[in-house]
Amino acid sequence: MAIGVGALLLGERDLLRLAVLVTTVPLVSAGLLAVCAPRSLEHTRVLSASRIPVGADCRVTLTLSPAEAARPLPVGPLLAEDRLPFALGSPPRFSLGPLRPGEKRTFSYRLRSHARGRYPIGPLVLVVTDPLGCARLERPLGPETSLLVFPRTVELPVVARLGATAADGPRPSPVPAGVDGGTTPRPYRPGDDVRRVHWRSTARRGHLMVRSEEQRRLDRSTVLVDLRPAAHTASSVEDAVVLAASVAVHLADRGHRLGLLGGGVGPAVEARHRDTVLEAFALARPVAAPSLLEDVARLSRSPVSGRGTLVAVLGALTPEESAALAACRSGRSGRRIAILVPQAPWPEEARRWAVHRLAEAGWRVLCPDRVADLPELWRSAGEAR
């Protein structure tokens, strides 16, 4: 514009023609893109898995094609970009080239996240430029897709339940009363009483079958996880999530109905299945609660029945919090487990006092040096009497 005004003032016609050309070309390019840019490009996005653990790969496959009535586009380069959050890396970009009716293009790329959470993938953005590169048009296409990244867990051994002699193995499903006397045959497991062998089913199946008694009492357990920033370092808070998720998944796989407590997983979450547990911990975030006393009070009111237990995954506690937790009961059974998160910023004297106070009150205290130590400590605690 300034060149054109100067050319008029100076009477330079050649310079004026150049100014008109420079002003007109971008306008023509923008109009061309507005008219010719695709409006009906169809696409599908398929994830190899909608839920993955931290550090695992997920492959995304995109298939793009123009609508049947579309014509080859008289525009410049045509690019497709799948928008991603920062935690999943740089958005992948693909060159489409000219697309004809009925033609399909398939692209794929790999995702990996090292942080828990729910991430949106998309929308797909079509990027069109004119042949001269003077104008650029971005057009979002279609909805987002959700990817859940949950914490990795360690597998815990199946051992005798704490404080009892019965094995905490997989529980049989409830059987309606009056069906076969309230029992149903199941395969023999080591440790089953020989007197419970169901000989008719054994003869029919060709291997030992035993009568499985009706599950008359529901197993209810509660897991409390302390995710207060003041109780953790940057690394120990993730260790707390992994430890709590490992215990919760183990109990859910044993058929327990779980109550999940802690500022990070919400005021109270009921879970009976692995997927619900993993989703709760995938979305858990530290909450700046001043004290753990309120969560301890909720823990003391949590119902525990059957072979259920209370499990507390703890960061650094104050003496008042340790005393309140030690006084927390779990009904008649008294089955309580405290897991002290490694690398939590405990004063050494406070840590020793908390371990002594909890153990004296009947808690079984597990102090892993790293997350990988939990299975062996869990086995040792289950085998102890």
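1. Two strands are taken to pair if DSSP finds at least two bridges between them, and helices (H or I, at least four residues) and strands (E, at least two) are DSSP runs, numbered from the N terminus. On that basis, strand S7 and strand S10 (residues 145-150) run antiparallel and are joined by five bridges, and within this pair Pro120 stands opposite Ser146 in S10.

2. This is a predicted model, in which local features need pLDDT of at least 70 and side-chain atom pairs count only at pLDDT 80 or more, while totals for chains, interfaces and linings use all residues. Residues are numbered from 1 along each chain as its sequence is written, and side-chain values use heavy atoms, with hydrogens and water left out.

3. As to the overall make-up, the protein chain holds nine helices and 18 strands. Of its 385 residues, 44% count as buried, where buried means under 20% relative accessible area, exposed means over 50%, and partly exposed lies in between (1.4 Å probe, protein chains only). The accessible surface comes to about 20,000 Å², and 56% of it belongs to carbon and sulfur atoms; accessible areas come from the Shrake-Rupley method with a 1.4 Å probe, and for residues only the protein chains shown count as cover. Among contacts (heavy atoms within 4.5 Å) between residues at least 6 apart in sequence, 70% join residues at least 24 apart.

4. The strands S7 and S10 of the opening point belong to an open sheet of three strands with mixed pairing, in the order S2-S10-S7. Its edge strands, each pairing on one side only, are strand S2 (51-53) and S7, and the twist averages 30 degrees from one strand to the next. Helix H5 lies across S2, S7 and S10 and runs at about 90 degrees to S10; for such angles, axes are lines fitted to C-alpha atoms, for helices over the stretch in contact, and the angles run from 0 to 180 degrees between N-to-C directions.

5. A second open sheet, of six strands, also has mixed pairing, and its order is S15-S14-S13-S16-S17-S18. Strand S15 (269-271) and strand S18 (364-366) form the edges, each pairing on one side only, and neighbouring strands are turned against each other by 20 degrees on average, direction ignored. Within this sheet, strand S16 (residues 310-314) and strand S17 (residues 336-340) pair in the parallel sense over five bridges, with Ile337 in S17 as the bridge partner of Val311.

6. His250 is placed in helix H4 and is buried, with a relative accessible area of 6%. Not counting residues up to four places away in sequence, His250 touches Leu156, Pro157, Val158 and Trp378.

7. Two backbone features deserve a check, given that most residues other than glycine have a negative phi, and most peptide bonds are trans. A cis peptide bond, with omega of about 5 degrees, joins Gly122 and Pro123, and Pro123 lies in the loop between strand S7 (117-121) and strand S8 (124-129). Gln343, although not a glycine, has a positive phi of about 70 degrees; this residue is in the loop between S17 and helix H8 (348-360) and is exposed, with a relative accessible area of 57%.

8. Thr106 lies in strand S6 (residues 105-112) and is exposed, with a relative accessible area of 52%. Thr106 and Leu62 are 44 residues apart in sequence, yet 5.6 Å apart in space, C-alpha to C-alpha. Not counting residues up to four places away in sequence, Thr106 touches Thr61, Leu62 and Thr63.

9. Tyr188, Trp199 and Leu208 make a nonpolar surface patch of about 330 Å². Patches are made of residues with over 30% relative accessible area and no salt bridge, like charges being joined within 9 Å and nonpolar side chains (Val, Leu, Ile, Met, Phe, Trp, Tyr) within 5 Å; a salt bridge is a side-chain nitrogen of Lys or Arg within 4 Å of a carboxyl oxygen of Asp or Glu. Tyr188 is found in the loop between strand S11 (183-187) and helix H3 (199-205) and is partly exposed, with a relative accessible area of 32%.
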